Amino acid sequence: QQTFDGWIRSLSPFHLSVEKLREVSARLRKDLVRGLGKHSHHKAPVKMLPTFVRATPDGTEKGDFLALDLGGTNFRVLHVRVVEEEQKVLKMDSQICAIPKEMMLGPGVQLFDHIAACLNDFLVSQNLKGQTLPLGFTFSFPCEQKEIDKSILIRWTKGFNCSGVEGEDVVKLLKEAIHRRGDYDIGSVAMVNDTVGTMMSCGYRDQSCEIGMIIGTGTNACYMEEIKNVRRVEGEDGRMCINTEWGGFGDDGCLKDIRTEFDVVVDETSINPGIHNFEKMISGMYLGEIVRLLLVRLTENKLLFEGRTSEALLTPDAFETKFMSEIEERDGGLENTQNILTELGLKWDSVDSRIVRLVCNAVSSRSARLCGAALATLANRIRVNRRLDHLKTTVGVDGTVYKKHPNFSEELRATVRLLAPDCDITFLVSEDGSGKGAAMVTAVAQRLAHQTRLLEESDGEVDDEEEED
């Protein structure tokens with residue numbers, strides 16, 4: 001009985017009641033408003049960044065596009081074809097180009113010349129040289145977007161530190177590198193955040209897709225907001241996609257009451273203490289480490305493995321998040337658990353392996369429910385914004401935690417149903433948001449620009465007629 005009470009005590013902070021989840025949702029709702037405010041956004045933990053994506057696909061988009069995806073030590077170049085008759089976004093071909101380590105730390109000019117050279121090689125290999133194709137640019141670093149084709153790098157992350165790029169417009173740097181070559185050109189450029197790409201890659205298949213969500217190594221979401229509420233941007237009519245950067249929720253201490261001692265350790269030992277607290281309770285980069293810390297505590301309290309740890313169990317990040325998915329499998333989970341514990345050099349019995357499954361479930365379940373609470377907040381906001389009694393919408397989703405964990409998506413959906421009962425939400429798994437999605441952002445931007453041109457021309461004709469009168 002004493003042992004059982006010990007297990008319950010250790011895991012109870014991870015079980016959040018529906019009431020507590022409602023509170024979390026209400027706090028996020030306030031933070032969304034702060035992030036959208038003209039004067040409050042500077043200090044808001046949830047950044048609510050305007051993306052200048054002003055519409056989702058309407059199904060009439062078509063044509064050939066290029067996409068560039070730069071977010072790590074490799075970048076991808078893609079050729080994407082949007083086929084209106086079949087309502088399909090086809091990836092025609094793609095190529096991965098490595099970025100040498102020294103280039104990640106060298107002059108920015110050298111990096112963009114390398115990108116321009118790789119883009120040229122790809123155009124040659126695809127027989128596209130001579131065509132001037134529009135380009136979607138997924139650039140996964142913190143940027144302040146000024147327009148759809150103007151994005152200022154705030155700071156490098158992920159091991160990059162190229163000089164002369166921070167504070168500069170990355171689209172301008174790319175175009176300058178292409179012009180230096182002088183042997184090809186590109187059309188209009190659209191800057192794309194990966195969550196927006198996720199929403200847009202689903203939006204052509206399902207035109208009611210107005211939310212994009214990623215739950216993988218990190219977590220983030222975007223949604224279509226009424227422009228009149230986006231105080232940093234001129235205009236009253238229409239909508240704009242907002243990149244919430246919801247990973248920063250709680251950075252002002254508003255989630256203190258639900259953070260456990262294990263969350264605090266994970267934060268303090270991370271490379272960015274105090275930043276992205278919500279993400280650290282939810283995403284794949286941190287879940288395995290929370291489980292490891294819990295297992296160490298239970299073992300030290302002699303509630304697991306007869307009180308004997310192992311070198312592996314005491315090594316930070318040795319318990320990988322993918323182990324949780326394997327352990328929580330409905331069929332074969334127990335066997336997987338025992339294999340993993342053996343791999344970690346632990347002496348276990350059948351009770352130990354069941355407890356480890358409960359620990360994994362407590363941590364992944366909390367993650368799914370917190371994520372569900374945040375998603376419900378966005379859905380409820382869209383419904384209230386539009387003065388609807390009932391909202392029917394689709395969420396485009398990407399990320400390994402959502403796609404690979406056996407119970408995560410189910411638990412997330414159940415939480416959304418509880419906290420957003422007036423919203424009927426369909427989930428669509430994104431196919432290649434940073435490739436196809438980037439092309440769709442470009443395609444929609446082109447369609448809107450074309451419509452604006454037609455309107456201006458027809459206005460011009462009206463003015464001419466009035467002058468003649």
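These questions and answers concern a predicted model of one protein chain.

User: How many helices and strands does the protein chain have?
Analyst: The secondary structure of this predicted model contains both kinds of element. The count for the protein chain is 15 helices and 13 strands.

User: Why is the protein chain described as being as compact as a globular protein of its length?
Analyst: For 469 residues the globule rule gives 23 Å. The protein chain is close to that value, so it is as compact as a globular protein of that length. Its C-alpha trace spans about 95 × 55 × 45 Å along the principal axes. The radius of gyration is 24 Å.

User: What share of the contacts with a separation of 6 or more comes from residues 24 or more positions apart?
Analyst: Contact here means heavy atoms within 4.5 Å. Of the contacts in the protein chain with a separation of 6 or more, residues 24 or more positions apart account for 70%.

User: How far apart do the centres of the positive and negative side chains lie?
Analyst: The protein chain carries 57 positive side chains and 74 negative ones. The distance between the centres of the two sets is 6 Å.

User: Is Glu226 buried or exposed?
Analyst: Glu226 belongs to strand E10, which covers residues 219–226. Its relative accessible area is 11%, and the cut-off for burial is under 20%. Glu226 therefore counts as buried.

User: Which residues does Glu226 touch, not counting those up to four places away in sequence?
Analyst: Glu226 is found in strand E10. With residues up to four places away in sequence left out, Glu226 touches Gly238, Arg239, Asn385 and Arg386.

Terms used
Residues are numbered from 1 along each chain as its sequence is written. This is a predicted model: local features need pLDDT of at least 70, side-chain atom pairs count only at pLDDT 80 or more; totals for chains, interfaces and linings use all residues. Side-chain values use heavy atoms; hydrogens and water are left out. Helices (H or I, at least four residues) and strands (E, at least two) are DSSP runs, numbered from the N terminus. The radius of gyration is taken over C-alpha atoms; the globule rule is 2.2 Å times the number of residues to the power 0.38. Lys and Arg count as positive and Asp and Glu as negative; His and the chain ends are not counted. The place of a charge is taken as NZ of Lys, CZ of Arg, CG of Asp or CD of Glu. Buried means under 20% relative accessible area, exposed over 50%, partly exposed in between (1.4 Å probe, protein chains only).
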